[in-house]
Amino acid sequence: CGDVLQLMLKISDGRITQARFKTFGCEAAIAASSLLTEMIQGKALTDVQNITPEMITAALGGLPKVKLHAASLAEEALKEALEHYGASHG
């Protein structure tokens, strides 16, 4: 759909101490990105690894079917950030 999410994490002692985002896209993508940062900040890496698009959608109070991609975008950005962290610190 063209939405883009950049997720930045500050991680210390296995916990996400800060989470920031930059999103270019629809309102649903911005809302999902913002909510994701709230969901993961302060949490252990092991606790956030299993976040799903369905969990993000539920936390938002639901999304129209044509906007479900926003939750998937947020989940994919989180997975990529965690993979990047694991590759550089593993």
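The legends below describe an overview and several close-up views of a predicted model.

Residues are numbered from 1 along each chain as its sequence is written, and side-chain values use heavy atoms, with hydrogens and water left out. Because the model is predicted, local features need pLDDT of at least 70 and side-chain atom pairs count only at pLDDT 80 or more, while totals for chains, interfaces and linings use all residues.

**Figure 1. Overview of the protein chain, with four helices and two strands.** From the N terminus on, the order of elements is β-β-α-α-α-α. Helices (H or I, at least four residues) and strands (E, at least two) are DSSP runs, numbered from the N terminus. The C-alpha trace spans about 35 × 25 × 15 Å along its principal axes. For 90 residues, a compact globule would have a radius of gyration near 12 Å, and the 13 Å of the protein chain agrees with this. That radius is taken over C-alpha atoms, and the globule rule is 2.2 Å times the number of residues to the power 0.38. Of the 90 residues, 37% count as buried. Buried means under 20% relative accessible area, exposed means over 50%, and partly exposed lies in between (1.4 Å probe, protein chains only). The accessible surface comes to about 5400 Å², of which 52% belongs to carbon and sulfur atoms; areas come from the Shrake-Rupley method with a 1.4 Å probe, and for residues only the protein chains shown count as cover. Among contacts with a separation of 6 or more, residues 24 or more positions apart account for 50%; contact means heavy atoms within 4.5 Å.

**Figure 2. Charged side chains of the protein chain.** There are 8 positive and 10 negative side chains. Lys and Arg count as positive and Asp and Glu as negative, with His and the chain ends not counted. The centres of the two sets lie 5 Å apart, each charge being placed at NZ of Lys, CZ of Arg, CG of Asp or CD of Glu.

**Figure 3. Glutamate 75 in helix α4 (residues 69-89).** Glutamate 75 is buried yet has no salt bridge, that is, a side-chain nitrogen of Lys or Arg within 4 Å of a carboxyl oxygen of Asp or Glu. The nearest side chain of opposite charge is lysine 79, 4.1 Å away. Not counting residues up to four places away in sequence, glutamate 75 touches Ile51, Thr52, Pro53 and Ile56.

Figure 4. Proline 53 lies in helix α3 (residues 53-59) and is buried, with a relative accessible area of 17%. Leaving aside neighbours within four places in sequence, proline 53 is in contact with Ala71, Ser72 and Glu75. Threonine 52 sits in the loop between α2 (45-48) and α3. Threonine 52 is partly exposed, at a relative accessible area of 26%. From threonine 52 to glycine 14, 38 residues apart along the chain, the C-alpha separation is 20 Å.

**Figure 5. Aspartate 13 in the loop between β1 (4-12) and β2 (15-24).** Aspartate 13 is exposed, with a relative accessible area of 79%. Aspartate 13 has a positive phi of about 55° although it is not a glycine. Most residues other than glycine have a negative phi.

**Figure 6. Alanine 19 in strand β2 and serine 34 in helix α1 (residues 27-40).** Alanine 19 is buried, with a relative accessible area of 5%. Residues up to four places away in sequence aside, alanine 19 touches Met8, Leu9, Thr37, Ile40 and Gln41. Alanine 19 and leucine 36, 17 residues apart in sequence, are 8.7 Å apart from C-alpha to C-alpha. Serine 34 is partly exposed, with a relative accessible area of 25%. The C-alpha atoms of serine 34 and lysine 22 are separated by 9.2 Å, and the two residues are 12 apart along the chain.
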